[in-house]
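Please read them next to the model.

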Amino acid sequence: MAHPTPAPDAARRAADDIELTVALAEYTKIIEIRRAVSDQAHNRYNFFLVLATGVAAVSAGLLGSAIDQNVRVGAVAALGTLVLLMGPAVFLRQLRYTGASQRYGIAEQALRTYLVRRAPEVAPFVLLPTLDDDGLFPPPADSRRQRQRDAVGLASTIGLINSALYAMGGGLLGAAARLPGWAVVALALALFAAAAAAHLWWVSRTVRRNVVERERLLAQRTLDPPGAVPTARQPAKEPPVSR
């Protein structure tokens, strides 16, 4: 008597589905890379914060010490030049980390869309956004919310630190030139405001450029998996009527 062939279990069916296997492997890898990029960005931010704080503390100690004035001025100038040159480099590098994290984020979102469209019954339980939702990566329609989101990132924070350092350097130069106290304060405030505005403008410009690049990429790709069942998030397309 012949026995019926047992149906393969879920693990075997998943292993036999090459497309699903590749998608899951890629999804896992993207999450790992995105986490590594985030760690690198925070490590670079912490390094620069420690460096800037240390240079400010050492400079204050040198200026208040009894060392020869020429030595003090030379040491503070060297430390200040180091930080002022490193600040823009760290700022631009932080923007690259932000762009890379957003690119990996949209790649993760695309693969999540693929998986949800393959299993539409789990769509109500997937709370993270897909390309069929109003995702995290398109800019907010409200320009005020966009500016607020840009101002709280790591790159903007580094920009504010750079602005404070520029203001401190300008104040020290003004004091060395024996300007009146109000002029030194006004110079420092003007430098801080100009540098902060320039940094925030550059962040907004980079964010807008990244959004355009991601939209162009998504427009060039078709993300509907073959034979996928449309979900409530992605309405089904009616076949063309032949005449």
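1. Glutamate 19, to begin. This is a predicted model. Glutamate 19 is partly exposed because its relative accessibility is 42%, a value between the 20% and 50% cut-offs.

2. Its partner. Glutamate 19 pairs with arginine 118 in a salt bridge. The closest N and O atoms lie 3.8 Å apart, and the limit is 4 Å. The two residues come from distant parts of the chain: glutamate 19 sits in helix α2 (residues 18-63), arginine 118 in helix α3 (residues 69-118). They are 99 residues apart. Arginine 118 is also assigned to the partly exposed class, at 33% relative accessibility.

3. The count. How many salt bridges does the structure hold? It holds 3. The remaining points on charge take up arginine 34, glutamate 108 and arginine 112.

4. Arginine 34 with glutamate 108. These side chains form a salt bridge, with 3.1 Å between the closest N and O atoms. Again the pair links distant parts of the chain: arginine 34 is in helix α2 and glutamate 108 in helix α3, 74 residues apart.

5. Buried or partly exposed? The cut-off for buried is under 20%.

6. Glutamate 108 with arginine 112. Here the N to O distance is 2.7 Å, again a salt bridge. Both residues belong to helix α3. They are 4 residues apart, so about one helical turn separates them. Arginine 112 is buried, with 9% relative accessibility.

7. The network. Which residues do the shared partners join? Arg34, Glu108 and Arg112 form one network of salt bridges. Glutamate 108 bonds to arginine 34 and to arginine 112.

8. A leucine pair. Leucine 218 lies in helix α6 (residues 181-220). Its relative accessibility is 32%, so it counts as partly exposed. How far apart in space are leucine 218 and leucine 131? The C-alpha to C-alpha distance is 9.5 Å, while the sequence separation is 87 residues.

Terms used. Residues numbered from 1 in each chain as written. Predicted model: local features only at pLDDT ≥ 70, side-chain atom pairs only at ≥ 80, totals over all residues. Heavy atoms only, no water. Buried < 20%, exposed > 50% of the residue type's maximum accessible area, 1.4 Å probe, protein only.
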